[in-house]
Amino acid sequence: MADAMLNGASLAYAESFAIEDDVTARARGRAAEFGCTPIGPAGGATLRLLAAATAARTVVEVGTGAGVSGLYLLGGMAPGGVLTTIDVEGEHQRAAKEAFGEAGIGASRYRLINGSAAEVLPRLRDAAYDLVFVDADKTAYAVYYEQALRLLRPGGIVAFDNALWHDRVADPSQRDPDTTVLRELGRTVRDDERLIPALLPVGDGLLVAARR
């Protein structure tokens, strides 16, 4: 019991380790108004780190939300890098654009595409992206996974948020559609010889993998 309590305290400490600036905090507040849940501070900091470590210049985001994850990604990307972010909700993208403007990010640094990712992703260029981040409809993650592998250059990284899905993925008795898809995605990524994977216990779980 003591070990479990310590682990919980350590996880909470890790989650609070990254300090968000006022722009990101306001974007998070707008997300709450829309009823969408953005990536948490620890997950966002991890995205920023991945973008910086790969010197990412081209990033695709599936699920713009109110711009929280976009701010983190842009914060780690190389100067002049461009974020392509896709969402079906135009109102969300307008909020993201507001957040990017507040952060002083020029319009040339991002491309907002309003539409279904399943329709938009196939139109993007093969092996042209450094990083793909997915935080959208969970039941479509398998589709996004295949598209991400096509889009990534060798050495590029794909990341899926909510990979632990409120502790449900680890519980085999949980078999609702979202949980089942996420559990299967984890196995698929783990077993794909094209990838070097890791499942990070930050926030609601971040499944990441590098393209060989």
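Surface first. I get an accessible surface of about 10300 Å² for the protein chain, and 56% of that belongs to carbon and sulfur atoms. The areas come from the Shrake-Rupley method with a 1.4 Å probe.

Ground rules. I am working on a predicted model, where local features need pLDDT of at least 70, side-chain atom pairs count only at pLDDT 80 or more, and totals for chains, interfaces and linings use all residues. Residues are numbered from 1 along each chain as its sequence is written, and side-chain values use heavy atoms, with hydrogens and water left out.

Burial next. I find 47% of the 212 residues buried, meaning under 20% relative accessible area with a 1.4 Å probe, protein chains only.

Overall build. I count 8 helices and 7 strands, taken as DSSP runs (helices H or I, at least four residues; strands E, at least two) numbered from the N terminus. The radius of gyration is 16 Å, close to the 17 Å of the globule rule for 212 residues, so the chain is as compact as a globular protein of that length. The radius is taken over C-alpha atoms, and the rule is 2.2 Å times the number of residues to the power 0.38.

Then strand β1, residues 58-62. I see 4 of its 5 residues buried. β1 pairs with β2 (residues 82-87) in the parallel sense over 5 bridges; pairing needs at least two DSSP bridges. Glu61 has Thr85 of β2 as its bridge partner. β1 also runs parallel to β4 (residues 129-134), joined by 4 bridges. There, Val60 has Val132 as its bridge partner.

Terms used: Buried < 20%, exposed > 50% of the residue type's maximum accessible area, 1.4 Å probe, protein only.
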